[in-house]
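Subject: Structure handover

Dear colleague,

Please find the sequence and structure below. Notes on what was found follow after them.

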Amino acid sequence: MTARIKPLTRRPAWRALRAHYKDIQERHLRELFAEDPKRGERMTAEAVGILLDYSKNRITGETVKFLVQLAQESGLRDRIHAMFSGEKINVTEKRAVLHVALRAPKGASILVEGENVVPQVHAVLDKMEDFSKRVRSGEWKGHTGKRIKNVVNIGIGGSDLGPVMAYEALKHYSERGMVFRFVSNIDGTDFAEAVQDLNPADTLFIVSSKTFTTLETMTNAQTARDWFLNGLGGDVKAVAKHFVAVSTNSAKVSEFGIDTANMFEFWDWVGGRYSMDSAIGLSTMLAIGPENFRSLLDGFHQMDEHFRTAPFDRNLPVLMALLSIWYNNFFGAQSIAVLPYEQYLKRFPAYLQQLTMESNGKRVTLDGTEVDYQTSPVYWGEPGTNGQHSFYQLIHQGTKLIPCDFIAFVEAVNPIGRHHDLLMANVFAQAEALAFGRTAEEVRAEGPPEGLVPHRVFEGNRPSNTLLADRLTPTTLGKLVALYEHVVFTQGAVWNIDSFDQWGVELGKVLAQRIVPELESKKEPSLSHDGSTNHLIRRYRKGRHEGF
């Protein structure tokens, strides 16, 4: 599939964009809007209840035409078909990439090596639903007969970031009679703080690890097991009533003391950072209930179908991806700020950091050739309006070009007085200020001392997208997450990289396993690292024994 595609910088559309960039790079959004009074209406796309206004980007209709041509020349349509068909597009691990199957409706057919995996997905969903209903109703009892009040999810990476984000995003819909905590960091403080006010007798732990060998997760799981047994008198039979697993390794799960009947499966065609709608989302289902969880999946599926079928020039993920490529590869912008004007989405930028940068932080193409262009930008952000009193100064008047994605909702989840109108006024004002700025003449008209004029000038011409939806619901959250998943997919297709492996996380893990016994050894170890690492290990060991 990829052999027929020219290297990126040799594609005709890329060359056309390079020439076009020279013509447009100095043009200001003030000028572009003045030339086209209907631009703000024309440069929008709407699908599945989400409006994308991309008019405040440094583009013309010709730019969009060339970008869409680039997507076509990159084989994007074939790549989309390959993913939805279950082809092994994760080439370095020889795996299919089928998070879209996790939200496919019953009756759909998605094949992996000739087998329809959709029935497997729904069998696990049904098992999750049955378990969630029993826990939420109080039918499931702990070892001492108490109902479960506390749920602690233990995972890391995609087994943590997705569930944490979803819980915070959908907290309004959660069961408020239960407490939900999340442990991921191997720093013992994370676990200690998560359980410091909990009672082992009414606490359930979800241990999420595909192999049940992940160092951080299993270290925290063992600590949880010890904490639990110490609190309940050491009866190991109690573990089975207070621990469940999301894993594929039944032997390790059983060895830990978990009943494999309470093991929830997922598959090697589900990447960790794409897994929040699989059994990894068990804590989400426990929090918001099975009906809301299925609404979340429906939102995912609606965006999947839009991405799969919509023309590229009206396709929300494709347009957003192509615009990010335009700034990343032609303007040299190194980051994208994601700015949700919804407090419940406070963990959404952190979730996107893994989704985007672990996926597309790559330096070689699918065939192993080193790239000669930039790949993933840095994604970051905070909720508005908090960010306005923090880093917006740099976005408005700094020396770096930072494209922004504003995310906002017509209706408040918690309508209180004027709050939502004030919030929305800030969304629209920030995008307007970034685009059009304020000239020296406009500043002088306000009458400040001349020496202040340059300090109060806003250059403008800072690009942004605005995403507007009706209300943050489980369905809407599914649409938003799937939107960015497919942005990542489109970027990877254009850059011709494997968005679905993550070899970059491996080396540090391997070296850490080598260093652990050197730190714990009672005898002075023989060290063979570089001079800096050797010195730090010795200094740490000395501090442990003699004080820092």
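Which residues does Trp269 touch, not counting residues up to four places away in sequence? They are Ala96, Val97, Leu98, His99, Ala101, Leu102, Val112, Val117 and Val121, where contact means heavy atoms within 4.5 Å.

Before the rest, the conventions. This is a predicted model, in which local features need pLDDT of at least 70 and side-chain atom pairs count only at pLDDT 80 or more, while totals for chains, interfaces and linings use all residues. Residues are numbered from 1 along each chain as its sequence is written, and side-chain values use heavy atoms, with hydrogens and water left out.

Cores

A nonpolar core here is a set of buried Ala, Val, Leu, Ile, Met, Phe, Trp, Tyr and Cys residues joined through side-chain atoms within 4.5 Å. Buried means under 20% relative accessible area, exposed over 50%, and partly exposed in between, with a 1.4 Å probe and protein chains only. The largest core has 126 residues, of which Trp269, Trp326, Phe348, Leu477 and Tyr484 touch the most other members. A second, separate core has 26 residues, including Phe205, Val207, Met218 and Met263.

Aromatic pairs

The search of the whole structure gives 26 aromatic pairs. Rings of Phe, Tyr and Trp (its six-membered ring) pair if their centres lie within 6.5 Å; planes under 30 degrees apart count as stacked, over 60 as edge-to-face and the rest as tilted. Tyr21 and Phe331 are an edge-to-face pair, because their ring centres are 4.9 Å apart and their planes stand at 80 degrees. Tyr21 is in helix 1 (residues 12-24) and Phe331 in helix 13 (residues 316-331), so the pair ties together parts 310 residues apart in sequence. Helices (H or I, at least four residues) and strands (E, at least two) are DSSP runs, numbered from the N terminus. Both Tyr21 and Phe331 are buried.

Phe33 and Phe436 also pair edge-to-face, with centres 5.1 Å apart and planes at 75 degrees. This pair links helix 2 (residues 29-35), which holds Phe33, to helix 16 (residues 419-436), which holds Phe436, 403 residues apart. Phe436 is partly exposed, at 21% relative accessibility.

Arg39 lies over the face of Phe33, 5.3 Å from the ring centre, and the charged end of Lys241 sits over the ring of Trp140 at 4.5 Å from its centre. The criterion is NZ of Lys or CZ of Arg within 6 Å of the ring centre and within 35 degrees of the ring normal.

Strands

Two strands pair if DSSP finds at least two bridges between them. Five strands form an open sheet in the order 6-5-7-8-9, with parallel pairing. Strand 6 (179-183) and strand 9 (263-264) are its edges, each pairing on one side only. Strand 8 (residues 243-246) runs parallel to strand 9 and is joined to it by two bridges; Ala245 has Met263 as its bridge partner in strand 9. Helix 7 (residues 158-169) packs on the sheet, touching strand 5 (150-154), strand 6 and strand 7 (203-208).

Elsewhere, strand 1 (residues 44-47) and strand 2 (residues 50-53) pair in the antiparallel sense over four bridges, and Ala47 stands opposite Ile50 in strand 2. Their hairpin has two residues between the strands, and Val48 there takes a positive phi near 45 degrees. Strand 2 also pairs in the antiparallel sense with strand 13 (residues 464-469) over four bridges.

Regards

Note on methods
Axes are lines fitted to C-alpha atoms, for helices over the stretch in contact, and angles run from 0 to 180 degrees between N-to-C directions.
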